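Hi everyone, thanks for making time.

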Amino acid sequence: MMGNQWVLGLHLIFLGTFVVATTCLGARNSTASCHEQERLALLKFKDSVKDDFKMLSSWVGTDCCSWDRVHCDGATGRVASLHLRGIVRGLSSSCWVTGTASVTASMVNGYLVGEEYYLIGEDVNSSLAELRHLKYLDLSGNDFQGRRIPEFIGSLKKLSYLNLSNAGFSGNIPHHIGNLSNLKVLALSSTTYTQTLTADDMVWISGLSSLKYLDLNGVNLSGAKNRDKVLYMIPSVIHLSLSCSGFSAVDLAGPRLNFSTILPNIKYLQLKDNAIEGLFPSVLTNMSSLVSLDLSGNILNSSIPFMPSLLKLDLSNSEIRQIDYIGIWRQCNLKELIVSSSNLEGDMTGPSTNASMCSTYALEVLDLSLNELSCSIPKSFGRLTSLRALHLESNRLKGPILEDLGKLRFLEVLDLSYNQLDGPIPTLLGRITELDLSHNQLNYSIPESFGSLAALTYLNLESNQLTGPIPASLGRLATLKTFSMSSNLLNGTLPTLVGQLTKLDFLDVSNNSLEGEILEAHFSNLSMLKYLDLSSNRNLTFNVSRQWIPPFQLRTIRLSSCKISNEFPKWFQTQKKLDELVLSNASISGPLPTWLRQMPIISSLDLSYNKLNGPLTNLPFGDPLNGYTNEYMGSLYLQNNLFNGLIPRSLCTRTGLEILDLSKNRLTGIIPNCLLNLQHLSMMILSSNGLSGVIPSFLGRISPALSWLNLNNNSFTGELPQDLGKFHTLTVLDLGDNEFSGKIPEWIGEKLTRLMVLRLHKNNFSGRIPQSLCKNSRLQILDIAHNNLIGQVPRCFGELYGMVEASHQDIRNGSFSSSNENVIQVIKGSDLEYSKTLDLVFNMDLSSNKLVGQIPEELMTLSLLVGLNLSHNHLSGGIPSSIGNMKALFSLDFADNKLTGMIPPSMASLNFLSHLNLSHNNLSGKIPTGNQLQTLTDPSIYVGNRDLCGAPLPKNCSNHEDPTTRTSKNNNREPDEPEEWFYLSVVCGIATGFWGVIGVLLFKKQWRYKLFMVAEVTTDMIYDALMVRVSKMNRKGRDAA
């Protein structure tokens, strides 16, 4: 950002003296050679560190003054400077601070910081203490593995520059550094997780009488005594950085802090990410020399006073919610104001010209991004005539973009993205270099006047409602590097003048309605192009010759849903640096060409939804070093093609794959053992092929991060291996439509506790539903239909809280994916594939088994279920009366069971119900009416229940007896015959027979003994005969199998 460049320039003022003095790394000494004692000291240091990046490879020979990173005094030959700065990427901590001394510039004394190089040492060798004439020492960006800063550094009395930032040190800062009275620059920044410096006492700071630049960013001073000395004992300091160091408002209001002694020369003060809360510290308003103040990341919630000397103010990530507190219109001299990510609300409109405190405004950079501003852009912004950069992105701004912004003649950067702005795009002046209006609701056409923005390098208009063609005048933007107009309503052809944008490296016009042909002329001069996205323009045809050799080397190609050609485009053979190739739904057919096998590995390859056939052996598996730059973000999408044959072993060389989707092809054979090499997989989808055999046990060791496993619709057999229980992060397990057998394993519930989708549909599982499934409390989809399960529906299914309360957890578990992964569910009586809406599907399908018993009342608490299918079982009893609590149901199927009783009236309150099947049960009574049930007029949903009546059945309850009242009517009629005598004679007969037998047994012990013996023998004979019969039946069953 422009503001950061301005601040960087200010930082370099302080370092300029030293950079000029040392010129460049490895400067040669032409008048004197180095001293032997110092040469040996440097060699001892070299031997004490691990130098994998050959930073010290030139340290050979007798003249150490000629070594890289060493500079000697021209007159004496003494070592005066050591430039040993390293660069370690990706180690920033939560306390990262922009502008840290070890990583500020893009070039450091001739060395690119984009490279990675550093030294590793167990300690800083004390031999450096021999360099008694050393003035400049930079060890930043290395890794000294948590060792303490050596105390001998305090003996290098001539040091004027010392940088130990982010060098892997830990522990207390040694007080001996206070002996360095000549020190002008001290950088001890601890903004990476490898360095954790603290201070127990800051009294040593008073010895640094010459200090001008002090960087203690990230150093923990919260427990340090005398930490207020940092603010009043070094009056020479011009630049002070204390970000993320534990300072509070109390430290800025201590008894010793009087306005006459506190940092009288300070110009740049950084207090980012501390615990300064409440009112704006009054002590800061009296720093009359202060030009730059960073208080971002604190908890201020008061009005900001006018500070006449201040040029830059950063209050980002604070609690200043009211835009009025900022005082945009009273800060007359301020040049840069940054208040992003602070939940700002209110109106930005300034006072009228007569009421304004300022006759003119010096503001050049205004950043109010990432707030809650919901007003329109005020006309008063037209008064900020010096404005060079305006950032209002990621708010809720409404209304049109005012013409007044187009009149700001110095404006270079305008970012209004991610708002709710509408209307046309106004005419802008020619100084604009960066324009981002993306993710709004802008309409009308793109102005032809854009062609006159000669300095434009970045143009982003994506995700609006712009219409019409892309203006040909944009072909005149000779400096344009980024051109993004995706996700609009643009039509017409892509102008061939785009091919004249020689600086263009990013071109994205995807997801529009462009038509016509893409010719070689569109790319004739685009030698710098790296990113090309023409996808989702269905009437766009790629028409280039087979011999075409493009002028560019692309990193990303996205041409999905375009018309490419009937065969795999040959010009891809020239692209040797591809990271991403997306050709899904591009009308490509035939086999993969043999030359593709020699291409470098492409980290993200998507050839899905085409008609490609043949084996997978010609996938690109060449040298991974040229194209496979992000080894842990690989993906391979080959679904919905006609590939056949085995899964090739060459696929297993892509060890960095995260997503593998081979579904809906014609692959055969078994799962190869070499897939065990894919230790970073998060999704493996092999569904809808002809794969067979048992699931190999090694699959459970394939990747500890696997979250999605689809093997459905194949011909797998056998029992599930217990090793699958090692997938502790699994959220989706789909093994449906196979021939698995045995019991559903207990470990699914005991070990796969993160499961959200479990689908075992249409297999040969038997036995009871394990109670352990109730431990899968996150389940949203449970489908174990079409098996041979017996027993009752577990009552503990009511504990599946994922079907009760929305967890807001992503089923895909945050995986980088195409969002095309789907799960098949039977809802509303049909097989439906859910992909993008999968997070909204809550379904339980236990149909087509042999389940018995009643429908548990506990199921009625699963209020998020949209589908419940218990059909084709042997369930009995009534439908629970509380079924009306399942408010989200729109598909309910209890057909073909043995349910009895009346249909609960509460079912009429299921307002979303659109599919109902209660057929072929023993239900009785009148069908409830009202609400959604009124719309279900198909009588087949109740057929097979002979005692049901009422609409939509033809059987009218008013013309037929209600079976629920038939019994009571029979009980109330007068008897036609003397039934009482019949019942009395029966009772007398039973009494006589009972006592005639039992009475004798009570008094005759021998008879009683004989009777029990006969009963026991008879029981044993019946049991033996039954067991022999069962054994014969089992043997016949095995022989038949």
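Some ground rules. This is a predicted model, where local features need pLDDT of at least 70 and side-chain atom pairs count only at pLDDT 80 or more, while totals for chains, interfaces and linings use all residues. Residues are numbered from 1 along each chain as its sequence is written, and side-chain values use heavy atoms, with hydrogens and water left out.

Okay, the whole protein. The secondary structure comes to 10 helices and 64 strands; these are DSSP runs numbered from the N terminus, with helices being H or I of at least four residues and strands being E of at least two. Of the 1041 residues, 53% are buried. Buried here means under 20% relative accessible area, exposed is over 50%, and partly exposed is in between, using a 1.4 Å probe and protein chains only. If you take contacts between residues at least 6 apart in sequence, 59% of them join residues at least 24 apart, a contact being heavy atoms within 4.5 Å.

Now zoom in on a sheet. Four strands make an open sheet in the order β28-β30-β32-β34, with parallel pairing; two strands pair if DSSP finds at least two bridges between them. β28 (467-468) and β34 (539-542) are at the edges with a single partner strand each, so one side of each has no neighbour in the sheet. Two bridges join β28 to β30 (residues 489-492), and G468 sits opposite L490 in β30.

On to charges. Side chains of opposite charge can pair when their charged atoms come close. A salt bridge here is a side-chain nitrogen of Lys or Arg within 4 Å of a carboxyl oxygen of Asp or Glu, and by that rule there are 19.

Take E364 and R388: their closest N and O atoms are 2.9 Å apart. E364 is in the loop between β19 (336-338) and β20 (365-367), R388 is in the loop between β20 and β21 (389-391), and the two are 24 residues apart. Both E364 and R388 are buried.

Then which residues does R558 form salt bridges with? One partner is D533, with the closest N and O atoms 3.9 Å apart. R558 is in β35 (residues 556-558) and D533 in β33 (residues 531-533), 25 residues apart. The other one to show you is E580, at 3.0 Å. E580 lies in β36 (residues 580-582), so this pair ties together parts 22 residues apart in sequence. R558 itself is partly exposed at 28% relative accessible area, whereas D533 is buried at 3% and E580 counts as buried at 14%.

Last stop, N714. You'll find N714 in the loop between β46 (708-710) and β47 (715-718). Is N714 buried or exposed? It's buried, with a relative accessible area of 8%. Leaving out residues up to four places away in sequence, N714 touches several residues, including L686, L691 and D737. The N714 side chain also makes polar contacts, reaching the backbone nitrogen of L691 at 3.0 Å and the backbone oxygen of L711 at 3.1 Å. For a polar contact, we want a pair of N or O atoms within 3.5 Å; within protein, one must be able to donate a hydrogen and the other to accept it, and residues adjacent in sequence count only if both atoms are side-chain atoms.
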